[in-house]
Amino acid sequence: MQTLDTIAYVRSGDKGDVVSIGVIAKSPDLYPKLVNSVTEDSVKELFGDWVKGGVAIYPMENIHSLAVIMRRALGGGATRTLRLDQTGKAMGNGILRLPVKTN
Amino acid sequence: MGKTIRLGAGSGFWGDALDPAIELLEKENIDYLSMDYLAELTMALLQRLQSRNPEAGYVPDLVAHMRALLPLAREKETKIICNGGGTNPEGAAKVIRNLAQELGLGGLRVAAVRGDNILDQVDELVATGCDLTNMDTGDSDFLAIRERVVAASVYTGAEGIIEALAKGADVVIAGRVSDNALYVGPVMHELGLDFTETNADIIASAITVGHIVECAAGATGGMSSRFDEMPDMGRVGFPIAEFHEDGTAIITKVEGSGGAVDQFTVKEHLVYEIGDPNEYLMPDGVADFTRLSIEELGEDRVRVSDMGGRGRPETLKLVVGYEDGWIGEGMLFFPWPHALQRAEKARGTLLTRFDRLGLKYDALHFDYVGVNMLHGPASPMPEYDPAEIGLRVAVHTRTRDEAEKVRRACAQLWIMGPGGTSFGTPMKPRPVVGSWPTLIPRDFVKQTVEILEA
């Protein structure tokens with residue numbers, strides 16, 4: 001199974017209890033695969049009970065990227081969370097576990 | 001041709017390296033060095049320092065940084081813009097003015113920009129009847145935390161910085177201005193822009209460019225997915241934005257430094273810590289990241305064009321910090337063989353210890369270090385017998401005494417736990433400052449500028 005790490009780069013961080021993940025296609029021709037693979041349902045299922053709120057995915061076709069916004073996803077925010085990764089820096093890499101879907 | 005403003009990023013957070021900022025001033029000719037020091041709840045930490053010592057409240061590193069940077073900045077005619085004033089910009093300005101005198105930099109003008117810190121006006125704000133619903137949780141009961149509030153800082157814009165520059169400031173020390181106001185301010189000052197709607201696109205362009213470079217090495221190879229490809233990261237160069245009056249910009253870095261600037265280092269930072277990219281909401285305007293173009297020019301130069309957006313919002317973001325209990329934490333490590341099974345049994349043993357100690361808690365969290373600490377439920381279990389596994393526990397409690405029980409229970413596993421268990425130094429309980437982000441009317445906040453001359 002091909003996973004997202006073969007087609008995308010990531011960077012993630014926090015704003016309050018929101019975790020944002022930017023997912024960037026390694027080349028423009030891979031962008032459609034990215035869009036197919038990263039969906040609200042696939043992200044929500046991947047992170048399970050670590051994401052308690054909604055997931056929104058905003059396409060950025062101009063730079064062949066997606067902004068993935070996950071609400072109530074940091075265990076209460078950087079200072080309140082009981083996780084070691086207080087600012088969600090590693091969660092971007094987590095999304096790279098998603099399988100690549102071609103359609 | 002037209003005017004181009006060269007802005008260097010001199011700091012991306014409190015704790016960032018000083019040597020790349022020195023290198024920026026030494027090797028480049030930049031008009032402004034913009035230095036960001038504040039994260040979301042840094043203000044609560046600084047407010048706590050100031051409550052113990054009224055002279056404190058600014059970022060302590062600021063003094064050592066300015067000692068190194070001020071003489072170079074004067075020589076190169078570079079102005080320094082920072083938010084290191086924390087909760088006490090005027091106190092910081094006095095210290096920096098005195099430092100300038102000590103360094104023989106007579107005539108140096110240091111500006112303090114205030115107005116963001118509304119801790120003393122919280123009751124006044126509540127009395128206006130303004131809706132203070134928590135943006136993250138939807139909780140509207142602000143009065144439930146009112147007595148525990150320790151900090152209240154508004155993300156303010158570039159107005160104070162622009163005023164300070166117009167008054168001839170060489171160094172501007174602000175508190176909680178937005179990170180990118182440190183770039184928007186100089187651009188608006190140099191181009192003589194005000195906040196009328198016709199300037200919305202170019203201000204949004206400055207916001208976008210500020211966002212790209214504000215975390216310093218974040219745009220030059222730091223935090224990159226392609227870190228393995230990045231040259232000489234231990235001496236990474238900080239970025240420079242060349243902002244052109246036509247609203248385009250070139251992102252580059254110090255010549256001969258480590259790291260890189262290419263389309264991906266720029267894209268990676270463009271998508272960092274944003275919400276809806278169609279409307280990146282800032283106090284100075286709303287940038288649209290979905291219409292811009294990025295073009296590699298080679299040699300660590302990337303052009304960003306077609307930027308824009310709309311005028312500034314009527315509300316500003318207020319982040320209230322409040323005392324929110326304690327966290328007790330512990331970490332234990334188990335060696336091969338069957339490290340994970342030992343960790344699992346140790347987890348059960350710890351739960352019994354918590355119970356026997358009568359631990360009262362709001363929330364309890366376990367991780368298996370080396371298995372699922374960073375990705376949680378997204379992590380697969382290992383299909384082999386790992387060389388070592390850690391067990392991490394973190395517990396949120398109401399009081400320090402309860403949090404202390406977590407440390408005690410973990411220590412009891414020194415002898416009560418599995419053979420081979422290893423501990424580092426036990427972790428002290430830490431106080432929690434909760435965050436209550438909300439929106440307030442822009443006109444509640446008034447920035448003021450004070451100039452001190454060395």
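## A tour of chains A and B

Begin by selecting domain 1 of chain B and domain 2 of chain B, whose centres, taken over C-alpha atoms, are separated by 40 Å. Domain 1 covers 4-116 + 156-313 and domain 2 covers 325-432, with bounds that come from an automatic or database domain assignment. This is a predicted model, in which local features need pLDDT of at least 70 and side-chain atom pairs count only at pLDDT 80 or more, while totals for chains, interfaces and linings use all residues. Residues are numbered from 1 along each chain as its sequence is written, and chains are lettered from A in the order in which they are written.

Next, select chain A, which holds three helices and four strands, these being DSSP runs (H or I, at least four residues, for helices; E, at least two, for strands) numbered from the N terminus. Followed along the sequence, the elements of chain A run β-β-α-α-β-β-α. The radius of gyration of chain A, 13 Å, is close to the 13 Å that the globule rule gives for 103 residues, so chain A is as compact as a globular protein of that length; the radius is taken over C-alpha atoms, and the rule is 2.2 Å times the number of residues to the power 0.38. Of the 103 residues in chain A, 56% are buried, which requires 20 or more other C-beta atoms, placed from the backbone, within 10 Å of a residue's own.

Now show both chains together and look at where they meet: 44 residues of chain B are in contact with 35 residues of chain A, a contact being two C-beta atoms, placed from the backbone, within 7 Å. On the side of chain B that touches chain A, the elements giving two or more residues include α10 (263-270), β14 (315-335) and β18 (430-441) of chain B, and the largest share, five residues, comes from β18(B).

Finally, colour the largest nonpolar core, which has 165 residues and is a set of buried Ala, Val, Leu, Ile, Met, Phe, Trp, Tyr and Cys residues joined through C-beta atoms within 7 Å. β14(B) gives the most to this core, with ten residues, and each of domain 1 and domain 2 of chain B supplies at least three residues. Among the residues with the most contacts inside the core are Val68(A), Ile95(A) and Ile251(B). To end the tour, select Ile95(A), which, not counting residues up to four places away in sequence, touches Leu4(A), Val10(A), Ile21(A), Val23(A), Val38(A), Val43(A), Leu46(A) and Val68(A).

Key
A residue is buried if 20 or more other C-beta atoms lie within 10 Å of its own, exposed if 12 or fewer, and partly exposed in between; C-beta atoms are placed from the backbone.
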